[in-house]
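Visitor: Please show me the structure and take me through a few of its features.

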Amino acid sequence: MQRVVSNIQNLGFTIMNAPSEDKKVRAGGIILDQTLVNGQSEGVSVRLINGTKKTAAVKLDKAALTDLLAAVSEVLATEEG
């Protein structure tokens with residue numbers, strides 16, 4: 001007999017725009033979720049939030065996450081100036 005114990009963790013980040021008093025501007029943001037099993041990543045997914053609606057989860061691999069990080073860094077560099 002073999003006994004297997006899994007340590008499953010879900011790590012989630014919800015990133016939202018600052019609230020706006022403009023009634024035409026809806027709350028918006030993203031949800032980034034990662035599932036860890038025994039300390040190893042089993043997948044990362046992203047959802048968009050538009051008001052009260054959420055899109056379906058899209059799974060991203062490490063290469064896509066690296067590209068996303070580079071894109072956000074480039075965008076932030078132009079926002080600072």
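Guide: Buried means under 20% relative accessible area, exposed over 50%, and partly exposed in between (1.4 Å probe, protein chains only). This is a predicted model, in which local features need pLDDT of at least 70, side-chain atom pairs count only at pLDDT 80 or more, and totals for chains, interfaces and linings use all residues. Residues are numbered from 1 along each chain as its sequence is written, and side-chain values use heavy atoms, with hydrogens and water left out.

Visitor: Is Asn-38 buried, partly exposed or exposed?

Guide: Asn-38 sits in the loop between β2 and β3 (40-50); helices (H or I, at least four residues) and strands (E, at least two) are DSSP runs, numbered from the N terminus. Its phi is near 55°, a positive value in a residue other than glycine. Because its relative accessible area is 45%, Asn-38 is partly exposed.

Visitor: Is Glu-42 buried or exposed?

Guide: Glu-42 belongs to strand β3. Its C-alpha atom is 26 Å from that of Met-1, 41 residues away along the chain. The relative accessible area of Glu-42 is 53%, so this residue is exposed.

Visitor: Which residues line the largest pocket?

Guide: A pocket is found on a 1 Å grid over the protein atoms alone, as an open set of points where a 1.4 Å probe fits, with protein on both sides within 12 Å along at least five of seven lines; lining residues have an atom within 4 Å of a point. The residues of this lining divide into 8 nonpolar, no polar and no charged. They are Ile-15, Ile-30, Leu-32, Leu-65, Leu-68, Leu-69, Val-72 and Leu-76.

Visitor: Which element gives the most to the lining of the largest pocket?

Guide: The elements that give two or more residues to this lining are β2 (28-37) and α1 (62-80). Leu-65, one of the lining residues, is placed in helix α1. With 5 residues, the element that gives the most is α1.

Visitor: Is Leu-65 buried, partly exposed or exposed?

Guide: Leu-65 and Thr-52 are 13 residues apart in sequence and 25 Å apart in space, C-alpha to C-alpha. Leu-65 has a relative accessible area of 26%, and is therefore partly exposed.

Visitor: What is the relative accessible area of Ile-15?

Guide: Ile-15 is found in strand β1, and Ile-15 is also among the residues that line the largest pocket. Ile-15 is partly exposed, because its relative accessible area is 46%.

Notes:
Nonpolar A, V, L, I, M, F, W, Y, C, P; charged D, E, K, R; others polar.
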